[in-house]
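The stops below go from one selection to the next.

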Amino acid sequence: MEILKYNTSDKTGWIEIICGCMYSGKTEELIRRLRRAQIAKQTVEIYKPRIDNRYSSTHIVSHSEQSFPSIVVDDAFEILQRAKNAHVVGIDEAQFFKMNLVDVCEELANGGKRVIVAGLDQDYKAKSFEPIPQLLSIAEYITKTLAICVVCGSPANRTQRIYDVKERVVIGSKDMYEARCRKCFVAPK
Ligand code: ADP
Ligand code: ZN
């Protein structure tokens, strides 16, 4: 992969990860951090992968209906090409990017940018959802968000798929998934 070299800042950048199951508040937390940066007159850009067309293709939207304008890209490499003038780069639904997102985030941070990445850390089988595990190992800051188990009310770390569909990536109506704790989660066969 061709890596573009940045010289946009003499300050250091860094990587922040917000990860957890569905409904755990990743997008809300991402929007909260981006709004604060904007108030402080930082140039903020937010990217998301084309695969995720839920609710809006021009904004990221949380399940609590907060939203923030975003740019859709087909490949993480486009972020490097487009984000040259941003102080802060937000990336939502990071689990739908390929592994090159890791190099892209590294390059953005090396170029002096604050990079905030939100994404699912487990798939519907509760297996690690790359590239999030690889991003966790290179990030400066990690936030794990939890939802509330809809069955028992305990902290929920897993995403239960309600219907029997085999593909790893199924973007459907939001009532296709539930937040569950490890006791109430039923692993799909
Ligand atoms: P994520 O990006 O992690 O999927 P969002 O930030 O989009 O999460 O949405 C978080 C919001 O989802 C919560 O503030 C709440 O309004 C709603 N929500 C729906 N189901 C649950 C649940 N089981 N536990 C906690 N929040 C839930
Ligand atoms: Zn439970």
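Select R161 and then Y177 in β12: the two are bridge partners. Strands here are DSSP E runs of at least two residues, helices are H or I runs of at least four, and both are numbered from the N terminus. The model is predicted, so local features need pLDDT of at least 70 and side-chain atom pairs count only at pLDDT 80 or more, while totals for chains, interfaces and linings use all residues. Residues are numbered from 1 along each chain as its sequence is written, chains are lettered from A and ligands numbered from 1 in the order in which they are written, and side-chain values use heavy atoms, with hydrogens and water left out.

β11 and β12 run antiparallel and are joined by 4 bridges; strands pair if DSSP finds at least two bridges between them.

Now show the side chains of β11, residues 158–161. Buried means under 20% relative accessible area, exposed over 50%, and partly exposed in between, with a 1.4 Å probe and protein chains only. In a regular strand, side chains alternate between the two faces of the sheet.

Next, select the zinc ion (ligand 2). Which protein atoms are its donors? They are the SG atoms of C149, C152, C181 and C184, at 2.3 to 2.4 Å from the ion. A donor is an N, O or S atom within 2.8 Å of the metal (3.2 Å for Na, K and Ca); water is not among the atoms, so sites may look incomplete. Along the chain the donors of this zinc ion have the spacing C-x2-C-x28-C-x2-C. C149 sits in the loop between β9 (147–148) and β10 (155–156) and C184 in the segment after β12 (177–180), so this pair ties together parts 35 residues apart in sequence.

Colour these cysteines by accessibility. C149 is buried at 3% relative accessibility, C181 is buried at 6%, and C184 is buried at 12%.

Finally, zoom out to the whole chain. The secondary structure consists of 4 helices and 12 strands. Of the 189 residues, 51% count as buried.
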